[in-house]
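Take the sequence and the model together.

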Amino acid sequence: MTIRDIVSAVCGEVVCGKDRLEENVEYAFASDLMSDVLTIKTDDFLLITGLANVQSVRTAEMSDVRYILFVRDKAVTEDMAAIAEENGMVVIRTAYSMFKSSGILYGAGLKPVY
């Protein structure tokens with residue numbers, strides 16, 4: 001599934017990485033617990049989270065996560081965007097809940113990491 005498809009499916013807004021909309025992602029993981037994110041063994045997945053702060057972007061950086069979807073209409077601060085851009089991440093935001101976003105993306109073919 002392309003990033004463009006993901007953005008469209010969740011009626012999202014691309015905050016960072018607008019030049020990477022044609023990249024493909026196959027897996028997703030939804031969590032607000034960054035300690036759980038650190039346990040994921042693959043690095044090619046979309047992180048779906050409502051924890052919108054600098055620590056979540058730093059956790060994504062440490063886990064080599066390239067794609068983040070912030071749910072529940074969370075704002076992405078300038079600091080968060082700067083760190084994401086610096087690390088070549090695609091950041092998307094949506095007004096949808098984590099449950100709704102996950103369900104839509106699963107139904108569209110995105111696979112769970114486990």
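Tyr67 stands opposite Val90 in strand 5. Strands here are DSSP runs of E with at least two residues, helices are runs of H or I with at least four residues, and both are numbered from the N terminus. This is a predicted model, in which local features need pLDDT of at least 70 and side-chain atom pairs count only at pLDDT 80 or more, while totals for chains, interfaces and linings use all residues. Residues are numbered from 1 along each chain as its sequence is written, and side-chain values use heavy atoms, with hydrogens and water left out.

Strand 4 (residues 67-70) and strand 5 (residues 90-93) run parallel, joined by four bridges. Two strands pair if DSSP finds at least two bridges between them. On strand 3 (residues 45-49), Leu46 is the residue opposite Tyr67. Strands 3 and 4 also pair in the parallel sense, over four bridges.

Which way do the side chains of strand 4 point? Tyr67 and Leu69 point one way, Ile68 and Phe70 the other. All are buried, meaning under 20% relative accessible area with a 1.4 Å probe, protein chains only.

Now widen the view. Six strands form an open sheet of mixed pairing, in the order 1-5-4-3-2-6. Strand 1 (13-16) and strand 6 (111-112) are the edges, each pairing on one side only. Strand 2 (residues 27-30) runs parallel to strand 3, with four bridges between them. There, Tyr27 stands opposite Phe45.

Helix 4 packs on this sheet. Helix 4 touches strand 1, strand 4 and strand 5, contact being heavy atoms within 4.5 Å. Its direction makes about 75° with that of strand 1.

Next come the crossovers. Strand 3, helix 3 (residues 54-62) and strand 4 make a right-handed β-α-β unit. Strand 4, helix 4 (residues 78-86) and strand 5 make a right-handed unit too. Right-handed means that, with the strands pointing away from the viewer, the path from the first strand over the helix to the second runs clockwise.

How do helix 3 and helix 4 pack? Their angle is about 10°, with axes 9 Å apart. Axes are lines fitted to C-alpha atoms, for helices over the stretch in contact, and angles run from 0 to 180 degrees between N-to-C directions. The two helices are therefore roughly parallel, a term for angles under 35 degrees. Helix 3 brings Val54, Val57, Arg58 and Glu61 to the contact, and helix 4 brings Asp79, Met80, Ile83 and Ala84.

Notes
Buried < 20%, exposed > 50% of the residue type's maximum accessible area, 1.4 Å probe, protein only. Parallel < 35°, antiparallel > 145°, perpendicular 65-115°, else oblique.
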